[in-house]
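I opened this model to look up a helix, a cavity and a loop residue. My entries are below the view.

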Amino acid sequence: MENNILSDLFNLRFGTVPETVSLLPASGSRRKYFRLTGGGLSAIGVMGTDPQENTAFCTMAGHFRAKGINVPEIYGTSDDMMYYLQEDLGKISLFDYVSEGRKSGTYGPEERKMLLAAVAGLPKIQFEGAGGLDFNVCLHSGSFDRQMVMSDLNYFKYCFLKSAGPELDEMRLQSDFERLADDVSAIPADGFLYRDFQSRNVMLKDGRPYYIDFQGGMKGPMHYDLASFVWQARAGYPQDLRNAMIKTYLDALSPYCEPEPADFYAKLRLFVLVRTLQVLGAYGFRGYFEKKEHFLKSIPAAMRNMKELLSAPFDAYPYLDSVLRGLVAAFDRGEIRYLPEEKTPAESTLPGYDPVMSSGGERSPLTVTVYSFSYKRGIPEDVSGNGGGYVFDCRSIHNPGKYDRYKSLTGMDAPVIRFLEEDGEVFRFMDHVYALTDAHVRRFMQRGFTHLMVSFGCTGGQHRSVYCAESLARHLAALDGVKVRLIHREQKTERIL
């Protein structure tokens with residue numbers, strides 16, 4: 001299906017049918033990319049999952065290109081905006097180009113040259129790109145505001161900090177989060193914020209950097225993107241190269257504005273802090289919860305960035321400062337797990353686990369059935385005969401189903417996941433769910449019970465309940481001795497984790 005639509009777009013643009021349509025390696029998103037070639041021509045076809053996301057990218061690309069910014073040309077789009085065809089920028093990203101420097105820690109002259117060239121192009125995107133751009137096309141919000149700062153901070157708290165295991169004074173941490181969010185959101189947001197400005201999103205064509213994957217952009221402060229690029233966790237840029245990139249940025253910034261140096265560096269440091277926390281949250285979620293090992297392997301680099309950042313205290317946020325210093329110290333002592341642990345059948349990750357053996361000498365398994373459902377059709381029946389277990393009502397969570405662009409999607413789709421996670425509300429909800437179910441699972445295993453049922457209900461059984469059921473299923477499946485049966489009743493799907 002997708003090949004036919006993309007082939008039609010190729011034919012419409014170039015007047016020839018593509019001879020080859022090759023699926024490209026998967027990226028971090030759920031979009032699929034194809035390279036189409038024919039008649040000596042080449043283009044990249046994209047099949048997206050969210051028409052609004054595709055619209056944002058194509059609209060921004062057209063606007064930036066008209067401003068003379070190096071972005072791919074959009075050749076054509078499908079009527080439903082689920083597919084589009086864009087310029088083929090080649091196969092070499094800046095991330096690939098500087099791979100030797102990343103591995104050795106020593107970046108050569110040509111690698112430095114291209115890194116500086118990428119940074120030098122950023123102010124033009126931020127300021128000329130913002131001029132005349134309709135920010136209503138943005139995916140989530142017209143501007144980077146206090147709510148988004150709190151979302152990043154909560155992402156760190158719930159997806160990394162709590163997984164790392166330190167004891168927390170929740171109220172003191174929240175107070176510092178509030179102050180930090182106030183300070184960051186008070187910084188003028190008058191440019192285009194790329195949001196994911198990093199070397200993977202820069203392609204090299206004819207010796208020049210081209211910028212991609214800016215569809216998550218919005219109006220925002222200039223410091224965020226510079227912090228994202230210069231302190232990219234796995235890049236490990238040496239301090240002299242970081243200094244050179246910042247100087248290059250400020251030189252390129254001068255036609256648009258000339259900030260007072262001390263004030264600029266103080267604000268940049270705040271964004272380095274927020275970005276580092278957000279990155280650790282992402283590594284925690286993708287690594288601990290989604291079980292993607294390469295994200296776990298990135299944690300040491302982010303912790304090194306954090307350690308350098310804490311060379312001077314964050315006096316305005318004393319409790320957060322102390323928590324982060326404790327986190328770094330725990331990492332240095334080897335107390336924070338960042339690689340998958342080797343496990344034997346006799347081990348368990350549940351605190352206080354006391355295995356109950358059957359007469360055959362083997363531990364009795366515990367099956368946890370996790371449901372998502374619609375309250376309109378009633379609470380699922382517990383076929384095990386044990387009475388139904390927990391039922392969590394997700395209807396207090398902001399509902400994606402109220403918006404047309406999410407109505408055809410479910411809580412397993414990336415746009416819905418981003419919507420739910422944006423303000424951190426769903427993380428707080430699930431934090432309580434984890435605490436209850438973990439304790440219950442531990443006691444059931446100690447007592448030799450074999451079944452527990454947990455159900456999540458919402459209005460339609462499509463978005464919030466599906467997301468929460470998926471999250472708990474992944475969480476419980478990581479525990480030794482637990483088998484998870486996940487059923488999305490209204491979606492008519494079932495699988496074993």
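This is a predicted model: local features need pLDDT of at least 70, side-chain atom pairs count only at pLDDT 80 or more; totals for chains, interfaces and linings use all residues.

**Helix α2**

I looked up α2, which covers residues 51-66. At 1.5 Å a residue, its 16 residues should span 22 Å, and the end C-alpha atoms lie 23 Å apart, so the two agree.

I then looked at both ends. At the start, a side-chain oxygen of Asp50 comes to within 3.0 Å of the backbone nitrogen of Gln52. Just after the helix, Gly68 has a positive phi of about 80°.

Next I listed the buried residues of α2. Among them are Phe57, Met60, Ala61 and Phe64. Gln52, Glu53, Asn54 and His63 are buried too. What do the buried residues of α2 pack against? I found β4 (74-77), β5 (83-87), α6 (122-128), β6 (191-193) and α15.

**Second largest cavity**

I counted two cavities of 30 Å³ or more. I sorted the lining into three nonpolar, three polar and two charged residues.

**Gly411**

I found Gly411 in the loop between β11 (390-393) and α15 (414-421). Is Gly411 buried or exposed? Its relative accessible area is 3%, under the 20% cut-off, so Gly411 is buried.

I set aside neighbours within four places in sequence. Gly411 then contacts Val416, Ile417, Gln462, His463, Val466 and Tyr467. Glu470 is 59 residues from Gly411 in sequence, yet their C-alpha atoms are 8.2 Å apart.

Methods. Residues are numbered from 1 along each chain as its sequence is written. Side-chain values use heavy atoms; hydrogens and water are left out. Helices (H or I, at least four residues) and strands (E, at least two) are DSSP runs, numbered from the N terminus. Buried means under 20% relative accessible area, exposed over 50%, partly exposed in between (1.4 Å probe, protein chains only). Contact means heavy atoms within 4.5 Å. On a 1 Å grid over the protein atoms alone, a cavity is a set of points where a 1.4 Å probe fits but cannot get out, and a pocket is an open set with protein on both sides within 12 Å along at least five of seven lines; lining residues have an atom within 4 Å of a point. Grid points are joined across faces, edges and corners, and a volume is the space filled by probe spheres set on the points. Ala, Val, Leu, Ile, Met, Phe, Trp, Tyr, Cys and Pro count as nonpolar, Asp, Glu, Lys and Arg as charged, and the others, Gly among them, as polar. The expected span of a helix is 1.5 Å times one less than its number of residues. A polar contact is a pair of N or O atoms within 3.5 Å; within protein, one must be able to donate a hydrogen and the other to accept it, and residues adjacent in sequence count only if both atoms are side-chain atoms.
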